[in-house]
Amino acid sequence: MYAALWRILPGPWWVRALILVILFAAVLVACVLWVFPFIDQFVAPIDSTVDA
Amino acid sequence: MTEPRGGRGASKPRRRNVARAVLGVLGELLITAGVGVLLFLGWSLWFNDLVVGNKLHEESLEQAQAWERDEAGAAHGTPQDPPVLGAPDSTERFGLMIVPRWGADYYRPIAEGVGTAAVLNKGQIGHYPKSQMPGAVGNFAVAAHRTSYGKPFNQISSLSVGDHVYVETADGWYLYVFRNLEYVQPTAIGVIAEVPQSAAATPEDRFMTMTSCNPLFSSAERIIAYSVFDRFYPRAGGPPDDIAATVAGVS
């Protein structure tokens with residue numbers, strides 16, 4: 001999978017590495033901004049209340 | 001056993017290659033998922049925790065400055081006869097909490113209700129709607145997270161007898177003095193009764209109950225902190241000395 005990605009990318013090795021770093025940063029930003037807050041809704045919260 | 005293309009000699013190695021490729025992709029997906037789970041934990045326990053905590057500290061300062069600027073405080077109220085706010089709307093922020101034991105930068109909003117998504121997961125301290133308001137005879141009961149979401153009650157177990165717990169409203173500062181901790185089952189609603197753990201008693205004193213989860217990262221039990229009302233500081237007279245730096249935003 002990642003080997004195929006490496007083959008598909010154009011340019012010399014350092015251009016490919018740069019593209020991968022940028023791609024990884026983009027994925028990380030997307031996770032923090034949208035994906036993790038979305039998933040968080042479905043994670044059972046640690047309950048701090050007594051049942052009233 | 002028959003392959004659509006290719007001779008007998010070619011079929012076995014090719015099938016092995018396909019299997020290896022599928023396993024390889026599967027392995028990479030699993031590793032990726034593992035890294036994703038670790039990143040999510042880091043986000044939840046550290047990154048989002050810091051972001052929410054800082055944001056709420058800022059908003060608390062802004063709220064306090066707005067009250068100061070608008071001179072919103074009621075003119076009535078004496079140290080031993082504090083003003084009592086009317087019931088707020090659901091999820092409305094009506095107060096702030098300051099606990100010197102937890103550092104001069106501890107300044108967190110108190111909102112009406114204890115709904116998980118609506119109040120607590122925003123890092124706020126939630127007020128049990130059926131309990132009394134600050135300064136009222138009876139019990140001012142609040143809940144908050146002990147881990148994640150800015151973890152407002154993270155240090156709850158560090159409170160010791162005599163510690164000051166301040167509740168700030170537009171009117172001024174209500175000083176509660178910490179008495180003791182209690183560890184109870186999640187169903188122990190007696191802790192937020194008007195006289196804690198004495199549902200039948202007629203309230204004469206002013207209590208505060210704080211509830212959070214116990215042990216850390218678990219919902220198995222609840223940790224309870226009880227405080228009793230000591231005195232009220234009207235806004236016109238300025239904050240008491242031990243929280244002056246917090247209110248001024250110096251820390």
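The contact between the two chains takes 15 residues from chain A and 31 residues from chain B, where contact is C-beta atoms, placed from the backbone, within 7 Å. This is a predicted model: local features need pLDDT of at least 70, side-chain atom pairs count only at pLDDT 80 or more, and totals for chains, interfaces and linings use all residues. Residues are numbered from 1 along each chain as its sequence is written, with chains lettered from A and ligands numbered from 1 in the order in which they are written.

On the chain B side, α1 (8-70) and β7 (206-214) each supply at least two residues. The largest share, seven residues, comes from α1(B). Helices (H or I, at least four residues) and strands (E, at least two) are DSSP runs, numbered from the N terminus.

Next, the core. The largest nonpolar core has 48 residues, and Y176(B) is among those with the most contacts inside it. Such a core is a set of buried Ala, Val, Leu, Ile, Met, Phe, Trp, Tyr and Cys residues joined through C-beta atoms within 7 Å; buried means 20 or more other C-beta atoms within 10 Å of a residue's own. β8(B) gives the largest share of this core, six residues. Not counting residues up to four places away in sequence, Y176(B) touches residues including M208(B), V228(B) and F229(B).

Now the strands. β6(B) and β8(B) run antiparallel, joined by twelve bridges; strands pair if DSSP finds at least two bridges between them. E182(B) stands opposite I224(B) there. β8(B) also pairs with β7(B), antiparallel, over eight bridges, and S212(B) has I223(B) as its bridge partner. In the hairpin of β7(B) and β8(B), six residues lie between the strands, and F217(B) takes a positive phi near 65 degrees.

Definitions and conventions:
Buried ≥ 20, exposed ≤ 12 C-beta atoms within 10 Å, placed from the backbone.
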